[in-house]
Amino acid sequence: MGFGHIPVLVEEVMTLLGCEPHQTYVDATLGGGGHALEILKRTAPDGIVIGLDWDEEAVAEASKALMSFGERVKIFRENFIHLPERLKALKIEEVDGILLDLGLSSFQIEKRERGFSLKGDGPLDMRMDQRIDRRAVDLVSRLSFQELEYTLLKYGEERWAKRIAKVILHERERSPIETTYALRKIVHQAIPRRFHSRKIDPATRTFQAFRIRVNEELENLKEILEKGWTVLRKGGRMCVISFHSLEDRLVKETFRRLERGGEDGSGQGGVVQVMTKKPLRPAEEEQRRNPRSRSARLRCAERV
Ligand SMILES: C[S@@+](CC[C@H](N)C(=O)[O-])C[C@H]1O[C@@H](n2cnc3c(N)ncnc32)[C@H](O)[C@@H]1O
């Protein structure tokens, strides 16, 4: 699909969204356009998809992939936190469903120049939106010891945060840390060898931490999880696919709080009903076919 990104949990998402002809959906993380394509097929002949992605390349590729749908798809290069304003500008008051498929598209991970991957050497960039004025290299070279440790703990849940922060500080005094391989090497050095996992690169959590911080991923997610309901019709659903526990926890807790409503837990004033008591996970067959889907968790809530 698109440029090599295989959409995950497609059937599950479509079932939960309950797409029907004539409806209007938001794909807030368009990527290669895989999920959007399915929504467009199921809402034919005149359903509409508003697609957002803040990555220039994603917008270009999804536009190409979905071109044949003409006026039925409207694509914007935008951070999804601006969804309400975008819909207002389009004079759309409410939509029938919203999809958030978080994390990275395969093409972002695979391009070493983007600096996300541990597999190929590249600049320490990690911006999903090329307009963001902070790259991973800025954090690695400027954060204080305390800030580095905090970033690794909070966004990477990295137990070796202190040691990694210490080695970063030490190494950057000798020469600037500017590439993915340089950072990876430092993390490998910092974590005692006997704790290196054979299956997962020891630098995975560090990379996750810097990526989340560069893109303010949790802040953005928090904001759309609060705001999204204002543009969703009653009975409309929001589906969120997350790829790590920090995201999934935030989705779970926000949905539950919004379902409870008043802080007293009386159920008065709840704005949503949770449709997935437990997150849905890809079936074994999907995990085999698309290994990247392994960590995916899908949660859904309906506006009441
Ligand atoms: C996993 S991919 C989506 C793949 C897509 N569902 C498909 O089928 O091809 C996630 C996409 O969300 C985008 N993204 C992440 N955070 C975003 C944000 N705050 N605003 C807009 N787009 C965002 C990324 O740039 C990336 O292209």
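Modeller: Strand S4 (residues 95–101) and strand S5 run parallel and are joined by six bridges, where strands are DSSP runs of E with at least two residues, numbered from the N terminus, and two strands pair if DSSP finds at least two bridges between them. This is a predicted model, in which local features need pLDDT of at least 70 and side-chain atom pairs count only at pLDDT 80 or more, while totals for chains, interfaces and linings use all residues. Residues are numbered from 1 along each chain as its sequence is written, and side-chain values use heavy atoms, with hydrogens and water left out.

As for cover, S5 spans residues 232–242, and eight of its 11 residues are buried, meaning under 20% relative accessible area with a 1.4 Å probe and protein chains only. Turning to the cores, each is a set of buried Ala, Val, Leu, Ile, Met, Phe, Trp, Tyr and Cys residues joined through side-chain atoms within 4.5 Å. Met238 is among the residues that touch the most other members of the largest nonpolar core, which has 65 residues, and Ile168, Leu183, Phe210 and Phe255 are the others. Apart from that core lies another, of 26 residues, and Cys239 belongs to this one, as do Val10, Leu37 and Val49. In a regular strand the side chains alternate between the two faces of the sheet.

Conventions:
Buried < 20%, exposed > 50% of the residue type's maximum accessible area, 1.4 Å probe, protein only. Helix = DSSP H or I, 4+ residues; strand = E, 2+ residues; numbered from the N terminus.
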